[in-house]
Amino acid sequence: LIQSMTQRARKDPKRVVFAEADNFKILKAAQITRDDGVAIPVLLGDRERILEMIEEFGLDLEDIEIIDTRAKDQEERRNRFAEILFEKRKRRGFTRYEAQKIMRERNYFGAAKVQSGEADVLISGLTRNYPATIKPALQVIGTDPAVNKIAGMYIILTKNGPLFLADTTVNTNPTSQELAEITILVAKAVERFRMKPRVALLSYSNFGSSDGEEAIKVRNAVSILHEIAPDLVVDGEIQA
C-alpha cells in the first residue's frame with residue numbers, strides 16, 4: 001500500500017499544507033516528503049519559530065514556503081480567503097468580519113488555500129482535537145454534492161495487509177441507511193488505493209446470534225447494501 005501511494009505521488013507531487021509546522025514531528029514529516037519527492041510542502045506557523053527549529057534540528061527546509069497566517073503581509077490573502085468562507089456561510093451565522101478574523105487560524109487558512117486552488121492537500125490534527133480540525137475543512141471546503149453523511153476512516157497496516165476502519169471519528173449512532181451510505185463512501189476510498197474492498201459490518205452479534213436493536217440495525221444495513229450496491233462484497237453483522 002505504502003509503495004503504491006509513494007510511486008503515484010512521485011509521478012505528480014501535490015502541494016501539501018502542513019498547518020502545524022511549529023512542531024518538530026511536522027517539520028520532519030515535511031522534510032521527508034520533500035526529500036522523497038512525494039510532495040511540495042507549505043509550512044504554516046510562526047515564521048521565526050519555524051526558522052529557529054529548522055536551524056536547531058539541522059533540517060533542510062530553508063527554501064520551503066513558510067506562511068505566518070497572522071502576519072501583515074498575509075492580509076490581502078486572508079481577506080480573499082475570508083470571502084470564500086463568507087459566501088458559503090453568510091446564511092449560516094458568519095459575518096464578513098468574523099470570516100476575516102477567523103482566517104488568522106491556520107486550519108481555516110489552510111483549508112481556504114486548498115479550496116482556492118493554491119494547494120492540493122491540508123494535513124492537520126496532531127496538536128488539535130478532531131472537531132477543531134475537521135470543522136474548518138467542512139465549512140470552507142465542504143462535501144461532495146452526493147454526500148449526505150460525512151465519515152472518518154483510519155488505515156491500520158498489518159502483516160496480512162491494510163485494514164480500513166470507519167466510521168471511527170464522526171458519527172456516534174448512525175441509522176441503517178446511514179451505515180450503508182458510510183460503507184459506500186469508504187468502499188470508494190479504498191478503490192482509490194487500487195484495492196478491491198471486502199466489507200464486514202461489525203457488531204457484538206454474529207450472523208443473527210443476537211436480536212438486539214444495534215445488531216438488527218447493522219443487519220438491515222447489510223440488506224440495504226445488497227440492494228443498492230450489489231457488486232460490493234459485504235457481509236454482516238459479524239463480530240470483529
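Here is a short chat about the structure shown above.

Reader: What kind of model is this, and how are residues numbered?
Author: It's a predicted model, where local features need pLDDT of at least 70, side-chain atom pairs count only at pLDDT 80 or more, and totals for chains, interfaces and linings use all residues. Side-chain values use heavy atoms, with hydrogens and water left out, and residues are numbered from 1 along each chain as its sequence is written.

Reader: How many helices and strands does the chain have?
Author: Helices (H or I, at least four residues) and strands (E, at least two) are DSSP runs, numbered from the N terminus. The C-alpha atoms fill a box of roughly 60 × 45 × 30 Å, taken along the principal axes. Within the chain there are nine helices and eight strands.

Reader: What share of the 240 residues count as buried?
Author: Buried means under 20% relative accessible area, exposed means over 50%, and partly exposed is in between (1.4 Å probe, protein chains only). By that rule, the buried share of the 240 residues is 35%.

Reader: Which residues lie nearest the centre of the largest pocket?
Author: On a 1 Å grid over the protein atoms alone, a pocket is an open set of points where a 1.4 Å probe fits, with protein on both sides within 12 Å along at least five of seven lines; lining residues have an atom within 4 Å of a point. The largest pocket holds about 2600 Å³ of space, where a volume is the space filled by probe spheres set on the points, joined across faces, edges and corners. Several elements each supply at least two lining residues, among them α1 (2-11), β4 (121-123) and α8 (176-192). Of the 47 lining residues, those nearest the centre are Val121, Leu122, Met153, Arg192 and Phe193.

Reader: How many residues of each class are in the lining of the largest pocket?
Author: Ala, Val, Leu, Ile, Met, Phe, Trp, Tyr, Cys and Pro count as nonpolar, Asp, Glu, Lys and Arg as charged, and the others, Gly among them, as polar. Sorted that way, the lining of the largest pocket has nine charged, nine polar and 29 nonpolar residues.

Reader: And which residues lie nearest the centre of the second largest pocket?
Author: This pocket has a volume of about 980 Å³. Its lining takes at least two residues from each of β6 (161-166), α8, β7 (198-202) and α9 (213-228), and by class there are 19 nonpolar, seven polar and four charged residues. Out of 30 lining residues, the ones nearest the centre are Phe164, Leu165, Ala166, Val199 and Ala200.

Reader: How far apart are the end C-alpha atoms of α8?
Author: The expected span of a helix is 1.5 Å times one less than its number of residues. For the 17 residues of α8 that should give 24 Å, which agrees with its end C-alpha atoms being apart by 25 Å.

Reader: Where do the buried residues of α8 sit around its axis?
Author: The buried residues are Ser176, Leu179, Ala180, Ile182, Thr183, Val186, Ala187 and Val190. Lys188 and Arg192, on the other side of α8, are exposed. Taking directions from the helix axis to the C-beta atoms, the buried residues fall within an arc of 165 degrees, so they line one face of the helix.

Reader: Why is the pair of phenylalanine 24 and phenylalanine 57 called tilted?
Author: Rings of Phe, Tyr and Trp (its six-membered ring) pair if their centres lie within 6.5 Å; planes under 30 degrees apart count as stacked, over 60 as edge-to-face and the rest as tilted. The count comes to three aromatic pairs. In this one the centres are 4.3 Å apart and the planes are at 40 degrees, so the pair is tilted.

Reader: Which parts does that pair tie together?
Author: Phenylalanine 24 is partly exposed at 33% relative accessibility, and phenylalanine 57 is partly exposed at 39%. The two are 33 residues apart in sequence, so the pair ties together helix α2 (residues 24-35) and the loop between α3 (47-56) and β3 (65-67).

Reader: Is arginine 194, with its positive phi, buried or exposed?
Author: Phi of arginine 194 is near 60 degrees, a positive value in a residue other than glycine. Arginine 194 lies in the loop between α8 and β7. With a relative accessible area of 63%, arginine 194 is exposed.
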